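The questions below go through one structure, element by element.

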Amino acid sequence: MKKYLLSFLALVLCFALSEQAAAQIKLPQASPAAMVKQTIGLTEITVRYHAPGVKGRQIFGSLVPYGKIWRAGANEATLITFEDDLFLNHERVPAGTYSFFILPENETEWNIVLNKDTTLWGLEGYSELNDVAYLRVTPTKIPFQETLQFAFSDISTNTGTLNLTWENSKVSISIETEIEKKALANINKALKAAAPDDWYTWAQAADYLTSRKDQHEKALEYINKSISIKENFFNNWVKARLYALNREYQVAANLSAKAMQLGPKEPESYQTYAREIESAYNEWKKRR
């Protein structure tokens, strides 16, 4: 009996080991996982999806039928994440992670649907009660593309475009982020934490605010603080541009002249700005 028991246990062990070995085999997926990430303004946006291939099939209007919602990929629902509130096709959407679906009505009218349920496998369990955004888009024709792909394009300071391309179709969503509120919060946080001898953080804050006319008084306060800590070519140059933007060109010329005088004390840093400062000085000293 003992002999049979040992043989049985050995057989069970061999079976368990063979199962474990099989589970460890790593094989390519038919629709491999993919991720694309982009920072627009101060907001990071991430799309996670599985990318199927055409594989000789007709996709839109057949494999992906018109009038039915589609997972915009394969396997688990495609997910989009953004860490701040933003605008998609001019519609405000709260920060968060959402399942990303597409509802192709016909060849020319599609909808992008964001749903707050992020646990879905395909459409299983999907409920329109969890939809948070419904965006009308118009597909365009493109050269044939075998593998589904998400990609970002047209990135600017606070705008960009998210594109989905597959087979012969492309749909795009415009993205606009709100950078001002977050940038000002970052400035306030950095200034509160600045060391007593940190002239650069004050100058950096002033430099950012120079292009915002309603913030010029605050920018002047910050740059004067920087100069009081340590005067150098850079903070004089920032202050010069601030006065020039307020059309006080003689003051701006004097400050840029001072920047040129102080520049040689920091030759490596100064070379980055030298030509720009000299050109501005020659222009401003002609103005009244």
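Two strands count as paired if DSSP finds at least two bridges between them. The model is predicted.

Q: Which residue of strand 6 does Thr78 stand opposite?
A: Strand 3, residues 78–82, pairs with strand 6 in the antiparallel sense over five bridges. Within this pairing Leu79 stands opposite Ser99. The residue opposite Thr78 is Phe100.

Q: How many bridges join strand 6 and strand 7?
A: Strand 6 and strand 7 form a hairpin, with five residues between them. Phe101 stands opposite Val113 in strand 7. The two strands pair in the antiparallel sense, and the number of bridges is six.

Q: How many of the nine residues of strand 6 are buried?
A: Buried means a relative accessible area under 20%. Strand 6 covers residues 96–104 and is mostly covered. The number of its residues that are buried is seven.

Q: Is Ser31 buried or exposed?
A: Ser31 is in the loop between helix 1 (2–23) and strand 1 (33–40). Leaving aside neighbours within four places in sequence, Ser31 is in contact with His50, Ala51, Pro52, Ala74 and Asn75. Its relative accessible area is 11%, so Ser31 is buried.

Q: At what angle do helix 5 and helix 7 pack?
A: Helix 5 spans residues 233–245 and helix 7 spans residues 267–284. Helix 5 passes helix 7 in a left-handed crossing. Their axes are 11 Å apart, and the angle is about 35 degrees.

Q: How many residues of the contact of helix 5 with helix 7 are nonpolar?
A: Helix 5 contributes Phe233, Phe234, Trp237, Ala240, Arg241 and Ala244 to the contact. From helix 7 come Ser269, Tyr270, Tyr273, Glu276, Ile277, Ala280 and Trp284. One residue of the contact is polar and two are charged, while the number of nonpolar residues is 10.

Methods: Residues are numbered from 1 along each chain as its sequence is written. This is a predicted model: local features need pLDDT of at least 70, side-chain atom pairs count only at pLDDT 80 or more; totals for chains, interfaces and linings use all residues. Side-chain values use heavy atoms; hydrogens and water are left out. Buried means under 20% relative accessible area, exposed over 50%, partly exposed in between (1.4 Å probe, protein chains only). Helices (H or I, at least four residues) and strands (E, at least two) are DSSP runs, numbered from the N terminus. Axes are lines fitted to C-alpha atoms, for helices over the stretch in contact, and angles run from 0 to 180 degrees between N-to-C directions. A crossing is left-handed if the near helix is turned anticlockwise from the far one by less than a right angle, and right-handed if clockwise. Contact means heavy atoms within 4.5 Å. Ala, Val, Leu, Ile, Met, Phe, Trp, Tyr, Cys and Pro count as nonpolar, Asp, Glu, Lys and Arg as charged, and the others, Gly among them, as polar.
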